Amino acid sequence: MNSPEDGAKAMPLEAAEKLILQWDSTASEDAREKMIFESERVEIDRYLLAVDEVRRSMSGVSLSDEDPRASSTIQIAMARLEDEFRNILITHTSPLEADSLAESTHSISESTYSFSESTHSFSESSTHHHPSDDHDVYGGDNDLVCDEAESSARRSSSGSINYRSTSSIREIDLVPAEAISDLRSIADRMISAGYMRECVQVYGSVRKSAVDANFRLLGVEKLSIGDVQRLEWDALEAKIRRWIRAARVCIRVLFASERRLCDQIFSGIETAIEDACFMETIKGPAIQLFNFAEAISISRRSPEKLFKILDLHDALMDLMPDIDTVFQMKTAESIRVQAAEILSRLGEAARGILSEFESAILREPSQVPVPGGTIHPLTRYVMNYISLISDYKQTMNDLIVSKPSTGSRYSGDPTIPDMEFSEFEGKTPLELHVIWITVILQFNLDGKSKHYRDASLAHLFLMNNVHYIVHKVKGSPELREMTGDDYLRKLTGKFRQAAMSYQRATWVKVLYCLRDEGLHVSGGFSSGISKSALRERFKTFNAMFEEVHRIQATWLIPENQLREELRISISEKLIPAYRSFLGRFRSHIENGRHPENYIKYTVEDLETAVLDFFEGFPVSPHLRRRSQ
């Protein structure tokens, strides 16, 4: 142990004992009111020299031969140094500045979306748009969005953990250098005198209070696992975002700086006390911090929780090298183990939620047809959901290692669709799950389409929904890559088939009225056109078209381009057929009585009427007519 005054003469033992007794706070009011280490430097050094002298007089002396007076004096000195140690720590302990608590620049993007707790209805609750949806082509289709989460292990270039070289750790000075020197000189003497336990207790008590104060600044609450699990999900989402920010600061700044402070004060004195003081300071706060993530990892699973769990997983994965570094000592092994176990449980939770999400889609029970055959809320929810899964592709690829359970694994259960994995050679398990989700979504939609009494509307419903699936896949490069062009072509073919089925179900009967068969009569002197049959044919066409127009104007195709394309396709079949029929038989009607009762519409009237289709609004029962 070095003397505070290099080269100074030793203080006489009697003078040393006298000086120590002068600063006995139990015997002197003056000593109670003043602190030695707030005095002049020379006074501080004299007191330390006195302690050293008394300790020197006791060295080499057996316990039985120990001078009771010296022993009592050293106890008084240690009590005084303990008070001084505490006072220096308290004096230089204050909540960190805001810029010191700022997040590390190595951050993980956070999602800003929310899913409804009501998983059975798959209703959307976000108002965030996908970047590719600058034009809201689905009129109110608010896509759920998040930034892609980045996760990477940060280690030194040598590949081994190095406390000083971990680039994401940002240590700050918690105590000024002059105070560090005084704390070291006190700790050195207390430990040498056998007062290590008292030193640890004082240090841990003061520094833990400082950590607790910084926790409050960071918004880290004292919540038990039960408290966390009783919170509503909306409240929990905000706490998860706050926890991720706080955890980065706690591990990389706060705990790392506390570790550094222990190193500054106790390094070279006693390794055991260095570790003990650090654990005394941060063990409770570290458990408090990780209990929150642990509670989330073992909470009830539901689809809306997946992305926040993935955020937690990514954040913790990103912090693991720093956790291993800051808590590298053997006494902190339990903290490292707890963090690793939480990470593993978060991954298991994500896998379980994906599986439960697939089951929920398959079993989603709603049987009430959506009005107008528009896009079902289930379709929007599911496609937005898997778009977000694609944003977490890197993380999910690491977590999802098994293929989905399809119908073939349930002995041909007709309530579960099958999927031939051989068609998707080279796809990762995650990509197979994404494709499987679209398969079971279509399977569910096929079932829902059967609840429409009008076959045309059932086909329109399928066309709308499958087109939406195609639109979402094409609009996300990540999702398109995961799905693959072959499957995308298959989806595109399915929605086109639904469009053709709609046209056949609706327009074959209407166009059948415009055929020539059944209008001609022959034999004797009456060969020609049957005017009665022709009049009936015009009346039937008018009635059928008016009915189709009245009903299908209330049906809805929300996507502008698809709506326009289907109208064009209808017009390409309807208008030429009507124009030709009118051209061939108009004169036969106009030469008779009340032709306006039969030829009610011009070609232009029909062209205008087609523009009313699929707008989702009722129209007048009478078509707009131009003057004949």
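Tyr392 is buried, with a relative accessible area of 1% (buried means under 20% relative accessible area, exposed over 50%, partly exposed in between, with a 1.4 Å probe and protein chains only). The model is predicted, so local features need pLDDT of at least 70 and side-chain atom pairs count only at pLDDT 80 or more, while totals for chains, interfaces and linings use all residues. Residues are numbered from 1 along each chain as its sequence is written, and side-chain values use heavy atoms, with hydrogens and water left out.

A search of the whole structure finds 21 aromatic pairs. Rings of Phe, Tyr and Trp (its six-membered ring) pair if their centres lie within 6.5 Å; planes under 30 degrees apart count as stacked, over 60 as edge-to-face and the rest as tilted. Phe307 and Tyr392 form a tilted pair, at 5.7 Å centre to centre and 35° between the planes. This pair links distant parts of the chain, 85 residues apart. Phe307 lies in helix α10 (residues 306-326), and Tyr392 in the loop between α12 (377-391) and α13 (393-399). Helices are DSSP runs (H or I, at least four residues), numbered from the N terminus. Phe307 counts as buried, at 0% relative accessibility.

Tyr502 and Phe614 form an edge-to-face pair. Their centres are 5.8 Å apart, with 75° between the planes. This pair also links distant parts of the chain: Tyr502 in helix α17 (residues 485-512) and Phe614 in the segment after α20 (603-610), 112 residues apart. Tyr502 is buried at 0% relative accessibility. Phe614 is buried at 0% relative accessibility. Both residues belong to one aromatic cluster, together with Trp507, Phe541, Phe545, Tyr578 and Phe613.

Charges also sit over rings. Arg259 lies over the face of Phe278, at 5.4 Å from the ring centre. Arg535 lies over the face of Tyr598, at 5.9 Å from the ring centre. The criterion is NZ of Lys or CZ of Arg within 6 Å of the ring centre and within 35 degrees of the ring normal.

Helix packing was examined for α9 and α11. The axes of α9 (residues 271-297) and α11 (residues 333-363) come within 10 Å and cross at roughly 10°. Axes are lines fitted to C-alpha atoms, for helices over the stretch in contact, and angles run from 0 to 180 degrees between N-to-C directions. Helix α9 is therefore roughly parallel to α11 (angles under 35 degrees). Residues in contact (heavy atoms within 4.5 Å) include Met279, Ile282 and Phe290 in α9, and Ile335, Ile342 and Leu346 in α11.

Methods:
Helix = DSSP H or I, 4+ residues; strand = E, 2+ residues; numbered from the N terminus. Parallel < 35°, antiparallel > 145°, perpendicular 65-115°, else oblique.
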